Amino acid sequence: MAEPVIDIRGLSKTYDSGFKALDNVDLTINRGEIFALLGPNGAGKTTLINVLCGIVNPTGGSARVGGFDVIRQFRAAREKIGLVPQELTVEPFSKVWATVAFSRGLFGKSKNNAHVERVLKDLSLWDKRKNATRELSGGMKRRVMIAKALSHEPEILFLDEPTAGVDVELRRSMWNVVRGLREHGVTIVLTTHYLEEAEQMADRIGVIQDGRIRLVDETAALMSQLGERHLAITLAEPIEAVPPALSAYELTLADEGRQLVYVYNAATGTTGVQRLFRDLDAAGVSFTDIDTKQSSLEDIFVNLMEADR
């Protein structure tokens, strides 16, 4: 069984205003995995990270990071963590090397130029080491923030919306950086609004809404269990309405009557596709092509959010 590096039990946070940001959260995150936490704005993602990093005190429950209680053993727990917040917060006139080296010192770590050099090279920042951070692009500043978070050799890296405001090319480059960190044994916890990011990168995905964990599952299993398939049937001749004989399939018309779309869940084992084709033939509906598409994680996420309204 995988070893949990983060263990959260009944964690709650209610602010003085009465707003309940976290509501009895239970969650374990395994050592060496990439875990993506998804949820709409205000769902509790950042509050959860801030509690684990000792920035916000919970009002109930407990959380352990690397075996240390985040409240009673704050310093020991915090040393296990590197945090990259959403906001780009770097000293504009400081050189890249100095910024990263200084961050290491803040955690009481002894000088280690070899480690700083390795981090900068891993993040493709070595050529920028003598530049002031104000001279860097937004994507490069984001990398500097990751370098700062890695300066003290943490076991866990929290990335809160790591690719916000980063173009597609840099975003994919960042994915490679994160995968590389995991290969070096770092546990990655990321929040993101880019669902493609979670689908492509994460070993497991958790969905949080209204301060509660809605579900946690392996990415592949989530796609398999909840992922619908859309069967698009291109008709030989357009039709104005779905024939009554096919009403049981809840088909929808698309492309101005040139396509019938059938939605089913492949995980159930009984798709009804063969029966549909027989009934299409019996109803005299001819078709020229078929195409299937599995739901993306974005489709699943939207369906989950709508189901709770």
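A crossing of two helices is right-handed if the near helix is turned clockwise from the far one by less than a right angle. That term will be needed below for two helix pairs, H3 with H4 and H5 with H6.

The model is predicted. Start with the whole chain. The protein chain has 309 residues, and 43% of them count as buried. Its C-alpha atoms fill a box of roughly 80 × 45 × 40 Å along the principal axes. The chain holds 10 helices and 14 strands. Take the contacts between residues at least 6 apart in sequence: 69% of these join residues at least 24 apart.

Now turn to a sheet. Strands of a sheet pair through backbone hydrogen bonds, either parallel or antiparallel.

Strand E7 covers residues 156-160, and strand E8 covers residues 187-191. They run parallel, joined by 5 bridges. Asp160 stands opposite Thr191 in E8. E9 and E10 pair in the antiparallel sense, over 6 bridges. Here Gln209 stands opposite Arg212 in E10. E9 and E10 form a hairpin, with 2 residues between them. Asp210 sits in that turn and has a positive phi of about 55°.

The axes of H5 and helix H6 (residues 168-183) come within 11 Å and cross at roughly 15°. Angles under 35 degrees count as roughly parallel, so H5 is roughly parallel to H6. H5 passes H6 in a right-handed crossing. Which residues in H5 and H6 meet? From H5 come Gly139, Arg142, Arg143, Ile146 and Leu150. From H6 come Leu170, Ser173, Met174, Val177 and Leu181. By class, the residues of this contact divide into 6 nonpolar, 2 polar and 2 charged.

The other helix pair is H3 and H4. Helix H3 spans residues 96-106, and helix H4 spans residues 113-122. Their axes come within 10 Å and cross at roughly 125°. H3 and H4 are therefore oblique to each other. Their crossing is right-handed. In H3, the residues that meet H4 are Val96, Trp97, Val100, Ala101 and Arg104. Their counterparts in H4 are Asn113, His115, Val116, Glu117 and Leu120. This contact has 6 nonpolar, 2 polar and 2 charged residues.

H6 is roughly parallel to H5, while H3 and H4 are oblique to each other.

Methods
Residues are numbered from 1 along each chain as its sequence is written. This is a predicted model: local features need pLDDT of at least 70, side-chain atom pairs count only at pLDDT 80 or more; totals for chains, interfaces and linings use all residues. Side-chain values use heavy atoms; hydrogens and water are left out. Axes are lines fitted to C-alpha atoms, for helices over the stretch in contact, and angles run from 0 to 180 degrees between N-to-C directions. Helices (H or I, at least four residues) and strands (E, at least two) are DSSP runs, numbered from the N terminus. Angles under 35 degrees count as roughly parallel, over 145 as roughly antiparallel, 65 to 115 as roughly perpendicular and the rest as oblique. Contact means heavy atoms within 4.5 Å. Ala, Val, Leu, Ile, Met, Phe, Trp, Tyr, Cys and Pro count as nonpolar, Asp, Glu, Lys and Arg as charged, and the others, Gly among them, as polar. Two strands pair if DSSP finds at least two bridges between them. Buried means under 20% relative accessible area, exposed over 50%, partly exposed in between (1.4 Å probe, protein chains only).
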